[in-house]
Amino acid sequence: MQWTHSPGGSESWSPTLYQGGSLVFASDRDGKREIYRMDKDGNVAQWTHSPGKSESWGPNVYWGDLLVFTSNRSGKREIHLMDKDGNVTRWTHSIFTSDRDGKREIHRVDKKGTVTQWTHSSGASESWAPVMYQDASLIFTSDRSGKREIYRLDKEGTVTQWTHSPGNSESWSPSVAVNGSLVFSSDRAGKREIYRMDRDGNILQWTHSPDNSESWLSTPE
């Protein structure tokens, strides 16, 4: 079932589930990228109002009711946090992907502005698309095994491969649902579809795109 119907030539992308079963997504339906929320009844409300020509995109849910997103409202792309009352705080100062050392790795910024590289991918492999999990561990995509898979970095610094895609298939673009399950993209069935992994590691294909069409979560690759 198609859930969004963007007017004119506009589009909607980067969906993530929010509290109460509502959907948060990015769209350019008002002329530039902003973040919107659709409730269970299909009502759509614009959630970010970026000043001037700046934009907001790439929403993700953090700790259940906090929204993390990317915006260039400060003059360059940074990560921001919006609480349930609509208050926005610049967070990078936070967790982000950067190729500042020659390849993509995940970095962390503390409250004092000190940047620490959080992932150290071997050889030419990289790590990107970070999201925080509910136990304060980090979920991200990496090709350190030779293809894209999803990994978890716990608070002690231990990295565990969380998806094991069969054959030459891959898994990428993780997102965390409010109930703690992992939502991600994979081509394990022969084409890109969206899957869900529960806390016990059980994987369910969530989208079934007709004919030659595909479905996937959009994060920077």
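Modeller: Start with β3: the bridge partner of Ser 27 there is Glu 34. This is a predicted model, where local features need pLDDT of at least 70, side-chain atom pairs count only at pLDDT 80 or more, and totals for chains, interfaces and linings use all residues. Residues are numbered from 1 along each chain as its sequence is written, and side-chain values use heavy atoms, without hydrogens and water.

Colleague: What makes β2 and β3 a pair?

Modeller: Pairing takes at least two DSSP bridges between two strands. Five bridges join β2 (residues 23–27) to β3 (residues 34–38), so they pair, and they run antiparallel. A strand is a DSSP run of E, at least two residues, numbered from the N terminus.

Colleague: Why is one side of β1 and of β4 left without a neighbour in the sheet?

Modeller: Four strands form an open sheet in the order β1-β2-β3-β4, with antiparallel pairing. β1 (12–17) and β4 (44–46) stand at the edges with a single partner strand each, so one side of each lacks a neighbour in the sheet.

Colleague: How many helices and strands does the protein have?

Modeller: Zero helices (H or I runs, at least four residues) and 19 strands.

Colleague: Why is the protein called as compact as a globular protein of its length?

Modeller: The globule rule is 2.2 Å times the number of residues to the power 0.38, and the radius of gyration is taken over C-alpha atoms. For 221 residues the rule gives 17 Å; the radius of gyration is 17 Å, so the description holds.

Colleague: What share of the residues counts as buried?

Modeller: 44% of the 221 residues, where buried means under 20% relative accessible area with a 1.4 Å probe, protein chains only.

Conventions: Buried < 20%, exposed > 50% of the residue type's maximum accessible area, 1.4 Å probe, protein only.
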